[in-house]
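Student: Please take me slowly through one part of this model. I am new to it and would like one connected account.

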Amino acid sequence: MSEQMEDLSPKKRPRTSGIDRALQVLDLLQEKQQPLTCYEMAKAAKAPLSTIYSVVEDMVSKLMLERQKNGQVWFGPRLYYYGLSYSRHLDLLTVATREMENLSEQCGEIIQICGRDEDKMVVLAMAEGHDHFHVASRVGTRIPLNWSASGRLLVGHLSEAERLALFTAFAPPSPTGRAETDPQLLTQSARTALEQRLSIQAGESDFSVACIASPICDTSGACQATISIVVPASKVDQTVPDLRALVQQSATTIEMRLGWQPK
């Protein structure tokens, strides 16, 4: 009888903790890259509006979020201070940013340092070029791995099975329709690009925009980040200066300064 009563009793929904709700809010702001209202966040998170409102109010009071005049909220100053403290201890990003600025001076183009966040490539740092060419991807931008030259490099060190599973689950079409979506081809091209220490894409994520990237690998051969030159697609084959050679040399320089390459 007790077993029957237990079977018929309603199952409780798993309770979402306060910290999980706070992370949902932060992740949504990061994903959308723009301020949002509590209603927009509750809808996106499929959470009760009252719960999201309560979490947001608490985060605003602690300066983790900042409320704007139109009722939308954005990252607050407390997160900025945390980020500064964290960045001071990131040797890779410190060294890579310094070399990024050097490379930008050498070629006059937009330079980006990119890393991986699960199935996305994220722009970690960026140096502007000398001309009026601009791109949509800024620091914090996250795009699917299969849309970018850096994305392939960042998973090139994984086993074939891991790469295939990743691209089978996550390889959406890009806005231009030119990004590769075939898991088998992506699996192969990711390893080839890492072995050649060079990955190039043109017009896959943005029309008329090309990216020339090289991997920054640790002593185990794992790609921890990339450095890339972002140019108009018309410059992708430019040889004066030789953009491909320059970006590869910068990646090697970063590895050497971190002690990941023999001097």
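**The largest pocket and a helix that lines it**

Tutor: Helix 5 gives the most to the lining of the largest pocket, seven residues, where helices (H or I, at least four residues) and strands (E, at least two) are DSSP runs numbered from the N terminus. This is a predicted model, in which local features need pLDDT of at least 70 and side-chain atom pairs pLDDT 80 or more, while totals for chains, interfaces and linings use all residues. Residues are numbered from 1 along each chain, and side-chain values use heavy atoms, without hydrogens or water. A pocket is an open set of 1 Å grid points over the protein atoms alone where a 1.4 Å probe fits, with protein on both sides within 12 Å along at least five of seven lines, and lining residues have an atom within 4 Å of a point.

Of the 35 residues lining the largest pocket, Gln30, Val122, Val123, Leu124 and Gly140 lie nearest its centre. Among the elements that each supply at least two lining residues are helix 2 (18–32), helix 6, strand 3, strand 4 and strand 8.

After helix 6 comes Gly108, with a positive phi near 75°, and the loop between helix 6 and strand 3 holds Glu109, which counts as buried because its relative accessibility is 4%.

Technical notes:
Buried means under 20% relative accessible area, exposed over 50%, partly exposed in between (1.4 Å probe, protein chains only).
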